[in-house]
Amino acid sequence: MYRLGIDVGGTNTDAVVMHDREVLAGVKAATTEDVTSGVLEALENVLSKAGVDRAKIANVMIGTTHFTNAVIERKHISPVAAIRLGLPATACLPPMVDWPQDLREAAGDLGYLVRGGYEFDGREIAPLDGEEIDRIADDILAKKISTASISSVFSPINRQMELDARDRLLKKCPDLQVVLSSDIGRIGLLERESAAIMNASLLALSARTVDAFAGALKSTGLHCPFFITQNDGTLMDAAMVKRFPVLTFASGPTNSMRGAAFLTGIKNGIVVDIGGTTTDVGALQLGFPRQAATVVDIGGVRTNFRMPDVFSIGLGGGSLVRRGPDGAVTVGPQSVGYRLTREALVFGGDTLTATDIAVALGEADIGDKSRIASVDADLAQGARVAMTAMLEAAVERSRISPEPLPVIAVGGGSILMPNRLGDLEVLRPDHFAVANAVGAAIAQISGEVDRIYSLENGLTRESCLKQAEEEATEKAIGAGADAATIEVIEREDVPLAYLPGNATRIHVKVVGEMGGGDALPA
Amino acid sequence: MLSRPDKLWTLTEADIEALEIGSAILGTGGGGNPYIGKLRARQALRAGHTLSVIKMEDLPDDAKVVSLGGIGAPLISFERIKEGREGLRCVRALEERLGFKADAIACEEIGGQNAMEPLITASLAGLPVVDGDGMGRAFPEMQMTTYSIYGHRSTPSVMCDPHGNVVIFDHAISEKWHERMARACVISQGGASTLASAPMSGAFVKQFSIPDSYTKAVALGRAVIEARQRHADPIAAICEMESGRVCFTGKIKDLKRHLKGGFVTGEAIIEGFDGCNDQTAAVLIQNENLVFKRDGVVEIAVPDLIIILDIDTGNAITTEMLRYGQRVAVVALPCHPLLRTPEALEVVGPKGFGFDDIAYRPMQADEPTQGSAT
């Protein structure tokens, strides 16, 4: 069974063809403004390089930063009717209260507060104010808004009121696209609501983008199903991405870390992804990226997505190398970036870059070696020491135990990585430059439950965990996972302070291989 | 009589940002995250209200001061956000019940979420907040304020929820009973309410508040922000400002958390690095960080402040956010002398939290610690 992985980054579109666990071919192409032509180029190149009959490709997996970038750049954002069910509670902080002004305006700045929502124990804060929903529907029609988000207080515990409000809206606005916060996020109203609003604002873009991907695949002669990776390294099908584009946020670093784990067979280690301008460092735990414990900021908005805990430093293949007035050699953070192949010395340019240093020291063999003959050995050594120190400090920050974990270097700039970092061994797997596309190709299907349980009436911590696990497994199988391969990767219970009745918050996540007889051997 | 502008410090949005960071540090792992409160305070400012703080010495002896704060589970206030005027309803109901007019609002607890509520309520009521508080940090229960410890009877008190329910606790036979009844009531109100206690005189507040709490929390936050801007060490800045010290640097190796009577109790085990190689620290937790041990020996104990900070950002990490593998610094700050008297230690010393085998030995500001990271 063959599978094809694509990673559409801000600069490069990478693609790989895999047969079971083997990478047959990997290519890089430039990402294009329309996305489609870059994807087309990468697809054609990788298929011809792999020499595989395109009819034999069973699945295509795509990783993309397109939706993250849309939010960051405030482009292609549609206005959203942001409805919250919670009055009289929550009145003091309306929807989007902590968003940057420009993004709030791009998303229409239309917040509506309605009576409704739940208490932590499932009681209603107030019955849903249906008449107010009708008035909002009239306003939506008058303003010609095509998307809405609905966020009810404590909807992760009970989503019924979000469903009721949606049904009532659709009666008057049958064509409205509605996003429910309970489908997207966890406890934490503002963060979950913001994610739902952002998601709604990206629906039009996601429909266009998914169709563009589908079109590119079709015109390449690929008629298999395709999937898109989400931030936890697992997959969504095309229909799901059209509904939940925000779930792709941060899938880039996740894919490169998962790819690094796969290419080396290492489940616990540190991944260093060196690009042209920056280096991302993160830790692998059990083959998955370690998650950030704190809230994650996207385009200036706090969200509570599970994101990899990635630490970035300003070091890449294009980093400028300079000697200061005191004689000290510095590398980065300024970089020639995507102009590397024109401006670096070895490529015929006039700028001394980190890549030139690697070539000068004989650590890499690219470009025209004769052009760096004039780089003095002292400067090259100084730059080497500086780069190693930067990488060491970044890796040390991500180390999760004193055990000598392996360091995996991936990404186009990983020629900058020495063979050892302090006491740690550095691995440079085959296909390191396209590890992110490999990560996309091997992505799995997940199911997740995050809810507050009251440990009363015979319910124990164990029985609740078990119930959550079963529900998460059902979700994963429903999304296409092979039941036989499902394993629990997160299982956490946090007791809630100050509440008698032993309320506890349980979070369980399971993953499984993609179903359809295409399971990877364990 | 308290609104003479020259006597008041008016907080800006930048002050609120700094207070968010500073109060989280003083939360000693508990007290809840002040983020929601910060947004509410900012909304109040943007709506044209004034957040003003009055120096303790400018408070007349006969001023009537109402202390208030949120009560309940911090996590709930992140989901069921307040209606916004709960505190104001508390003050109004208390005034009506007792037939007086409040002159100023006092803070129960400067550590965590409760730093913001008095400012927000005072701004809606057009009153100043006293630059002081009842803890100088965070503690889990209401009777643990210096107000209660030094003789203030906090009933009659008023508790309000977002719905408009108003509950008056007319009389509790002890502060502990008040805490117990309030705790039961807050559950039926949805797990996160606001409570205002019986008024105190200006003279009492001046004698028994932990002084300068807002000044201090804002200055701490500013020190962290400025250190970050200079790429200096924010943790060093915190210690310098509060005569504290870094006790330990390391990585969280194990976390044990369980429930005991509605409270999160547990232990964080930290494996040392940098100056603490080959050492293991333990921080004992009951909502707040209460005891710091190095290689099994108690070095710092409540009521001195034990703070776990992210080593890179200097951000305080609340006990709910502690995770395996985090790189942290444990910082100790000396508590105010009002918390070190025998009557205070009875309530907020190690014995008050059930650590009968731990004797409180006050940390000295300049006391060198063996094997210290600094």
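Me: Where in chain A does Pro333(A) lie?

Reply: Pro333(A) lies in strand E18, residues 329-335 of chain A. One thing to keep in mind from the start: this is a predicted model. The peptide bond that joins Gly332(A) to Pro333(A) is cis, and its omega is about -5°.

Me: What kind of peptide bond runs from Val302(B) to Pro303(B)?

Reply: That bond is cis too, with omega near 15°. Pro303(B) lies in a loop of chain B, between strand E15 (297-301) and strand E16 (305-310).

Me: What makes the phi of Arg74(A) worth a look?

Reply: Its phi is near 55°, a positive value, and Arg74(A) is a residue other than glycine. You'll find Arg74(A) in the loop between helix H2 (66-73) and strand E5 (80-87) of chain A.

Me: And why does Arg74(A) count as partly exposed?

Reply: Let's set the number against the cut-offs. Buried takes 20 or more other C-beta atoms within 10 Å, and exposed takes 12 or fewer. Arg74(A) has 15 C-beta neighbours inside 10 Å, so it falls in between and is called partly exposed.

Me: How do you know that His431(A) counts as partly exposed?

Reply: By the same test. His431(A) has 19 C-beta neighbours inside 10 Å, and buried would need 20 or more, so His431(A) is partly exposed. His431(A) also has a positive phi, near 60°, though it isn't glycine. Its place is the loop between strand E21 (424-427) and helix H13 (435-441) of chain A.

Me: Which residues is Val16(A) in contact with, leaving aside its neighbours within four places in sequence?

Reply: His431(A) is one of them, and the others include Gly5(A), Val23(A), Val46(A), Val434(A) and Val438(A). Contact here asks for C-beta atoms within 7 Å.

Me: Which residues of the largest nonpolar core touch the most other members?

Reply: Val16(A) again, along with Ile6(A), Ala148(A), Val272(A) and Val438(A), in a core of 169 residues. Helix H12 (residues 377-398) of chain A gives this core its largest share, eight residues. There is also a second, separate core of 109 residues, with Ile149(B), Val328(B), Val331(B) and Cys335(B) among them. As background, nonpolar side chains tend to be buried together in soluble globular proteins.

Me: At what angle do helix H1 and helix H7 of chain A pack?

Reply: About 35°, with their axes 9 Å apart. H1(A) passes H7(A) in a right-handed crossing. Thr36(A), Val39(A), Leu40(A) and Leu43(A) from H1(A) meet Ala212(A), Phe213(A), Gly215(A), Ala216(A) and Ser219(A) from H7(A). By class, that gives six nonpolar, three polar and no charged residues; Gly counts as polar here.

Me: How do the axes of helix H8 and helix H9 of chain B cross?

Reply: H8 (residues 213-229) and H9 (residues 234-242) cross at roughly 145°, and their axes come within 8 Å. This crossing is right-handed. The residues that meet include Ala219(B), Leu220(B) and Arg228(B) in H8(B), and Pro234(B), Ile238(B) and Glu242(B) in H9(B). Sorted by class, the contact has nine nonpolar, no polar and two charged residues. Arg and Glu count as charged, so Arg228(B) and Glu242(B) belong to that class.

Me: Last one: why is Met181(B) called partly exposed?

Reply: Met181(B) has 16 other C-beta atoms within 10 Å. That sits between the limit of 12 or fewer for exposed and 20 or more for buried, so partly exposed is the name. Met181(B) is found in helix H6 (residues 175-188) of chain B. Beyond neighbours within four places in sequence, Met181(B) is in contact with Phe169(B) and Ala172(B).

Definitions and conventions: Residues numbered from 1 in each chain as written. Chains lettered and ligands numbered in written order. Predicted model: local features only at pLDDT ≥ 70, side-chain atom pairs only at ≥ 80, totals over all residues. Axes fitted to C-alpha atoms, helices over the stretch in contact; angles between N-to-C directions. Helix = DSSP H or I, 4+ residues; strand = E, 2+ residues; numbered from the N terminus. Left-handed = near helix turned anticlockwise from the far one by under 90°. Contact = placed C-beta atoms within 7 Å. Core = buried A, V, L, I, M, F, W, Y, C linked by C-beta atoms within 7 Å.
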